[in-house]
Amino acid sequence: MEFELLENDVLESLEDLGYKGPLLDDGALAQAVSHGASSPEFTKLCAWLVSELRLFCKLEENVQATNSPNEAEEFQLEMSGLLSEMNCPYVSLTSGDVTKRLHNQKNCLLLLTYLISELEAARMLCVNAPPKKAQEGGGSEVFQELKGICIALGMSKPPANITMFQFFSGIEKKLKETLAKVPPNHVGKPLLKKQLGPAHWEKIEAINQAIVNEYEVRRKLLVKRLDVTVQSFGWSDRAKSQTEKLAKVYQPKRALLSTKCTISIANLLAARQDLSKIMRTSSGSIREKTACAINKEIE
């Protein structure tokens, strides 16, 4: 009876939030929750709630919906990282064997209730926040970058009526004044010297995105291998009694390991010529810092 009441509350809240998925059908939510992380429909609902929540909150972690029960473990690992970042207060969702938390009907309903309440609160805060304060406290990503440039160069706040041409001309002038005070080779010459047109930048952006996707896959693989390695530590009978202690130590550190790549075209523009110099790992200058006692041992 308790589960039925909780399911009804979840369904009503989902309708209020604008969810239009298949779990609104009679009995669909109960069936999905009973299978938990092994149910692709349950993971899709969780992923939808998280995607809506990310519109209002800056979250590093994210969760992807699954396509088969075989992906349940990966989904639970992603959800564990997200809940750690959100400082979820429910112990049953943040401790214990991470691969078994969402195979429990009670925990699955608790997870949905938590995500729903967080999304409802985020939307209410967004509605009630005064627009002026929101603008002063944040701003777009471009605004934040330009603000950072001005602070780094020690520039005063520009007047409200300044044009974009005047603004960037002021940055250029201040930058030249700053560079004149440092040694000639302090910054170095740019690695990219050729003037590129819009077509070139589009191709570079496409190449960068392909590389970003590739390295995100590699990072996911490394993190997955780490999770499996840490999980194997708990296979012994002695370690099974220390499962909660291991989770408390590992999960906070695991939550900080993002698989997202932050390299952009700005890094290409900022690159200096010294990045094109390839130093051999066996060169004298490098070996001075990497040599150790074990290298002197003869096989």
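Which residues in α4 meet Gln251, Arg254 and Ala255 in α12? They are Leu77, Ser80, Gly81 and Ser84. Please keep in mind while exploring that this is a predicted model.

**The overall picture**

Let's start with the whole chain. The secondary structure comes to 14 helices and zero strands, so the pattern read along the sequence is simply α-α-α-α-α-α-α-α-α-α-α-α-α-α. The protein has 299 residues, and 28% of them count as buried. Among the contacts with a separation of 6 or more, 62% are accounted for by residues 24 or more positions apart.

**α4 and its two partners**

| Helix pair | Angle | Axes apart |
|---|---|---|
| α4 and α10 (residues 198-232) | about 95° | 12 Å |
| α4 and α12 (residues 243-255) | about 85° | 8 Å |

Angles from 65 to 115 degrees count as roughly perpendicular. The helices α4 and α10 are therefore roughly perpendicular to each other. On the α4 side, this contact is made by Glu73, Glu74 and Leu77, while α10 brings Lys224, Asp227 and Gln231.

The residues of the contact of α4 with α12 divide into two nonpolar, four polar and one charged.

What is the phi of Asn87? It is positive, about 55°, although Asn87 is not a glycine. For context, most residues other than glycine have a negative phi. Asn87 is exposed, with a relative accessible area of 63%.

**Aromatic rings**

The count of aromatic pairs comes to three. One of them joins Tyr90 and Tyr114 in an edge-to-face arrangement, with 5.9 Å centre to centre and 85° between the planes. This pair links distant parts of the chain: Tyr90 lies in the loop between α4 (72-85) and α5 (91-94), whereas Tyr114 belongs to helix α6 (residues 105-128), 24 residues apart. Why does the pair count as edge-to-face? Because planes over 60 degrees apart get that label, and these two stand at 85°.

Are the two tyrosines buried or exposed? Tyr90 is partly exposed, with a relative accessible area of 33%, while Tyr114 counts as buried at 4% relative accessibility.

Another ring worth a look is that of Tyr215. The charged end of Arg218 sits over this ring, 4.8 Å from its centre.

**A charged residue inside**

Our last stop is Glu52, whose place is in helix α3 (residues 40-53). With a relative accessible area of 18%, Glu52 is buried, because the cut-off for that label is under 20%. Which residues is Glu52 in contact with, leaving aside its neighbours within four places in sequence? They are Leu119 and Arg123. Glu52 and Arg123 are 71 residues apart along the chain, and their C-alpha atoms are separated by 9.5 Å.

How values were computed: Residues numbered from 1 in each chain as written. Predicted model: local features only at pLDDT ≥ 70, side-chain atom pairs only at ≥ 80, totals over all residues. Heavy atoms only, no water. Phe/Tyr/Trp six-rings, centres within 6.5 Å; stacked < 30°, edge-to-face > 60°. Helix = DSSP H or I, 4+ residues; strand = E, 2+ residues; numbered from the N terminus. Buried < 20%, exposed > 50% of the residue type's maximum accessible area, 1.4 Å probe, protein only. Lys NZ or Arg CZ within 6 Å of the ring centre and 35° of its normal. Axes fitted to C-alpha atoms, helices over the stretch in contact; angles between N-to-C directions. Parallel < 35°, antiparallel > 145°, perpendicular 65-115°, else oblique. Contact = heavy atoms within 4.5 Å. Nonpolar A, V, L, I, M, F, W, Y, C, P; charged D, E, K, R; others polar.
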